[in-house]
Amino acid sequence: MIGSISRGRALSWVAAAALIAVPLSAAHAMRVSPMVVEILDRGSGAVARVEVENINTANLPFETRITRLDYDDAGNLVEVPADADFLVFPPQGNLPPKARQVIRVQWVGSPLQASQGYYLTVKQLPVQLDPLAGSETGAQVQIVYNMKALIAVAPQGAEPKVEVVSAVPTTLETPKAADGTGGDTVPGVEIRVRNTGTRHAFMAGPNWTIQGTGLDGKPQVVEVSKDDLNRDIGVGYLAALKGDRTFKVPTGKAFANAPIKVRFSK
């Protein structure tokens, strides 16, 4: 079933922090926002602005790089270096404590026939260490962060065309908390979607309505809100033309192995 897809909300799309086993007495941290940006491939709309904030008490040296999101023959997401497609200013910097820097990212690639996704990676750089700082403990740890902002570039007038390929019941395990709670098994639905349109889609933009039959044999409807989707699947980026992804969404109610329909709405 084809539904209407909103153009998404700028919510977290974050790479894991990289841990480097070298000494340091104080941890560094940064904030990057927004984490998702949509721009056009020409005109005044071809510029994004991403802010880097140093939220720690030490200087934050950083550098940036651009990678294009692509897919291998098995359909796995891969990143391809693509710095030449953008003009990034400044490409690197060194922020004092609590300072902010706006990074201007301008598309300079050729006009597109369909949307293309990119990552702007902001990489924190290791700093020179004080050899005396860890003399008493014998070891120090330096943590550096790589934060990724998704930049989706679209041609003027492009539109997504999303369809549900399949929807089947499944079970999901909730994450375990630090105190050991969680890890419970909950009912859900595994939904495969495909985008054949010329514009990307953010599947967490619309609300989802899941309709089917409950285990008691009666009709059952579950409404999944945008907030729940953002928590469960992130922004749900779905590429143009060849976008094909499977999402596992907790529903709170178990569905029978009968046909399950999924509808998207604002």
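Phe86 has Trp107, in strand 9, as its bridge partner, and this pairing belongs to the contact between strand 7, residues 86–89, and strand 9, which run in the antiparallel sense over 4 bridges. Strands here are DSSP runs (E, at least two residues), numbered from the N terminus, and two of them pair if DSSP finds at least two bridges between them. The model is a predicted one, in which local features need pLDDT of at least 70 and side-chain atom pairs count only at pLDDT 80 or more, while totals for chains, interfaces and linings use all residues. Residues are numbered from 1 along each chain as its sequence is written, and side-chain values use heavy atoms, with hydrogens and water left out.

Strand 9, residues 100–107, also pairs with strand 4, residues 47–54, in the antiparallel sense over 7 bridges, and within this pairing Val52 has Gln101 of strand 9 as its bridge partner. Taken together, 4 strands form an open sheet in the order 2-4-9-7, with antiparallel pairing. Its edge strands are strand 2, residues 30–33, and strand 7, each of which pairs on one side only. From one strand to the next, the twist averages 20°, an angle between lines fitted to C-alpha atoms, taken between N-to-C directions and running from 0 to 180 degrees.

Turning to another strand, Thr170 lies in strand 13, residues 162–173. Thr170 counts as buried because its relative accessibility is 19%, and buried means under 20% relative accessible area, with exposed over 50% and partly exposed in between (1.4 Å probe, protein chains only). Leaving aside neighbours within four places in sequence, Thr170 is in contact (heavy atoms within 4.5 Å) with Val186, Pro187, Gly188, Val189 and Glu190.
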